[in-house]
Amino acid sequence: MGTLLKIHNKIEFWTPVCGFSEKLPHFNHQSVLKQHYFGESPKKWLRNGCVKASSSSSSTLLELVPETKKENLDFELPLYDASKGMVLDLAIVGGGPAGLAVAQQVSAAGLSVCSIDPSPKLIWPNNYGVWVDEFEAMDLLDCLDTTWSGAVVYIDEKLKKDLGRPYGRVNRKQLKSKMMQKCICNGVKFHQAKVIKVVHEESKSLLICNDGVTIQATVVLDATGFSRCLVQYDKPYNPGYQVAYGIVAEVEEHPFDVDKMVFMDWRDSHLDNNPELKEKNSKIPTFLYAMPFSKDRIFLEETSLVARPGVAIDDIQQRMEARLRHLGIRVKSIEEDERCVIPMGGPLPVIPQRVVGIGGTAGMVHPSTGYMVARTLAAAPIVAKSIVQYLSSEGSHSGSELSTGVWKDLWPIERRRQREFFCFGMDILLKLDLPGTRKFFDAFFDLEPRYWHGFLSSRLFLPELLVFGLSLFGHASNSSRLEIMAKGTLPLINMINNLVKDRD
C-alpha cells in the first residue's frame, strides 16, 4: 500500500527488457542496489513449495520462504504468424492487467491486435488488493477471491479507526483467465518474446524481438510497467519509493478480526526493545497491512509508505519480524513472499510521443498512495476507445498524429492537474516522521468518506481536491497544521508553479 496504499496494487520493478514477466529491480546500478533493497538470504525448501518452521526459536521468516513457483494458465494461445507480414492495428508490449485490458477492448471493435510478452501464460506474481466498489464498477466482482466488510486503521496504541468501505483481494488467476479468454475470443494473437528495439516509420512501427521476429503495427502500446523500456522521459527521474515485504502464511493464530482487513497499523510498541530500529522507524515509519483469510491463514505486509531513497528491504523485514513477535503471531509455514519497490511521483513521460503508454510506464501510479491496478484498469477503456476512434476515422493519419491523440485522451489537463496535487501530497508525506504521519492519517480518515474515498481512488479533480485539502487542514490538530505549513510551503509553491506552466 503506498501511502494510503494498497500494497496489493503494487507492481515490482521490471527489467529494462520489454515484457511483463521478469521480477528484478530496475536501476542504473542494478547489482549494487539489488543488495541494498533485497539482500541475499539462505532458504530451506520442502518439495511442496511450503517451508515449515523449525523448532528453533532463532529461525527467521527468511528461512521459511519457499522456492518461487511459477504457475501458468492451462490453455493454448493463438500465436502471431510472422510469415504473413501483415501490419497490425495495435501491438501491445507487456501482458499485465493494463495491457490485456486494452487488447481485449480494442480487439472487440474488430481491430487486429498482438500481445507481446516473454511469458504470456504466466500468472501474475503479486498480491493485489482493491476497494470492492472499484471492481464492482468494472464488472469484476467475480475476480475477487476474498472480501472483507470493511477495513481498520491503527493510528497508535490507543486510537483505532473503522473504515466502512468493503475491501477485496484479487484472484490473479481468475482475472488473467477472464481477460485472456476474452482476448482469444476477439481474435487477439500472442507472441512470446521480448521487444529489444522499435523503429518508427511514417505510418507504422517495426517491433524487433529477441527471437529475430519483426512485428509491424500502426500503433504501439508500452504496458511493461516500471521498466520504461519504450516510453521516453526527458526530465530527471527522482521519484519517492514505496518498499514492502509481504508473506502469505499459515500461522498458529493472529489477533485480527477475520471480517476486517488491516489497512494500516502504525503502532510501534513492538520496537520498544530495539532502540536502534525504533529510532529509524520514528524518522521513516513503516506500517503493517494485513488481509486475514481465516484464523490461521493471513497475508502480512510491512510497508514504507514513501521515502527517498527507499528503505532497505532488510530493514523492512526486521521491523516485520519484531512486529509479529510482539503480536504473538507464530508463522508455521509461508506459501509465498513478495518484495515490492514502487516508484511514486517523478515526472510524466514526454507527451506526446510515438509510443503510447499505460500503467507504470505512463506515470499512472498514484503519487501519494501507490495505487495503480484499479486506476489503470479504469483507464484502459479510455485508451482503447481513443485508439479505435483514430484508427477508424476517415482519412489517413500518420503514426505521430494517432499517438498524439491517444496521449491527449490519456492525460487531459484535468488528470495532469490531479496528479500534480497528488505529487504535492507525496512531497509532504516524504517529510513527515512517525508522529507527523499519525496525525496526518488521524485527520485524513476523519474526513467525510467521499473525500478520502475519492482521494484514494483518483476520483477527485482539482476543484474538489482544493476543498479536500482545506477540509484536511481543518480536521488536523494545531500541531499538525503548523507542521504542514512548515513542511508544505515549498511543495505548495512548486505545485502552483507547475500548474501555472501546464496548459493545453
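Reply: What follows begins with the chain as a whole, turns to the salt bridges, and ends with a lysine, a surface patch and the cysteines.

The model is a predicted one, and its secondary structure comes to 13 helices and 18 strands. Among the contacts with a separation of 6 or more, 76% are accounted for by residues 24 or more positions apart.

Now to the charged pairs. Side chains of opposite charge can pair when their charged atoms come close. A search of the whole structure finds 26 salt bridges, among them one in which the side chains of D133 and R459 meet at 2.8 Å, N to O. This pair links distant parts of the chain, 326 residues apart, with D133 in helix α3 (residues 132-137) and R459 in the loop between α11 (449-456) and α12 (462-475). D133 counts as partly exposed at 23% relative accessibility, and R459 is also partly exposed, with a relative accessible area of 41%.

Another salt bridge is formed by K332 and E250, whose closest N and O atoms are 3.4 Å apart. Because K332 lies in strand β17 (residues 331-344) and E250 in strand β13 (residues 240-251), the pair ties together parts that are 82 residues apart in sequence. K332 is partly exposed, with a relative accessible area of 34%, and E250 is partly exposed as well, at 23%.

The side chains of R330 and E252 also meet in a salt bridge, at 3.5 Å from N to O. Here the link runs between two loops: R330 is in the one between α6 (313-327) and β17, while E252 is in the one between β13 and β14 (260-265), and the two residues are 78 residues apart. R330 is partly exposed, its relative accessible area being 36%. Salt bridges that share partners also join D265, R267, E302 and R323 into one network.

A further charged residue, K439, can be described by its surroundings. K439 lies in helix α10, which spans residues 434-444, and is partly exposed, with a relative accessible area of 31%. Leaving aside the neighbours within four places in sequence, K439 is in contact with S477, S479 and S480. K439 and I155 are 284 residues apart in sequence, yet 8.1 Å apart in space when taken from C-alpha to C-alpha.

The surface also has a nonpolar patch of about 280 Å², made by F473, L482 and M485. L482 lies in helix α13 (residues 478-501) and counts as exposed, at 56% relative accessibility.

The cysteines remain. A disulfide is a covalent bond between the sulfur atoms of two cysteines. A search of the whole structure finds zero disulfides. For C114, the closest cysteine sulfur is that of C209, and the 7.9 Å between the two sulfurs is too far for a bond, since a disulfide requires cysteine sulfur atoms within 2.5 Å. C114 counts as buried, at 0% relative accessibility, and C423 counts as buried too, at 11%.

Conventions: Residues numbered from 1 in each chain as written. Predicted model: local features only at pLDDT ≥ 70, side-chain atom pairs only at ≥ 80, totals over all residues. Heavy atoms only, no water. Helix = DSSP H or I, 4+ residues; strand = E, 2+ residues; numbered from the N terminus. Buried < 20%, exposed > 50% of the residue type's maximum accessible area, 1.4 Å probe, protein only. Contact = heavy atoms within 4.5 Å. Patch = residues over 30% accessible without salt bridge, like charges linked within 9 Å, V, L, I, M, F, W, Y side chains within 5 Å. Areas by Shrake-Rupley, 256 points an atom, 1.4 Å probe, with all protein chains shown as cover. Salt bridge = Lys/Arg side-chain N within 4 Å of Asp/Glu carboxyl O.
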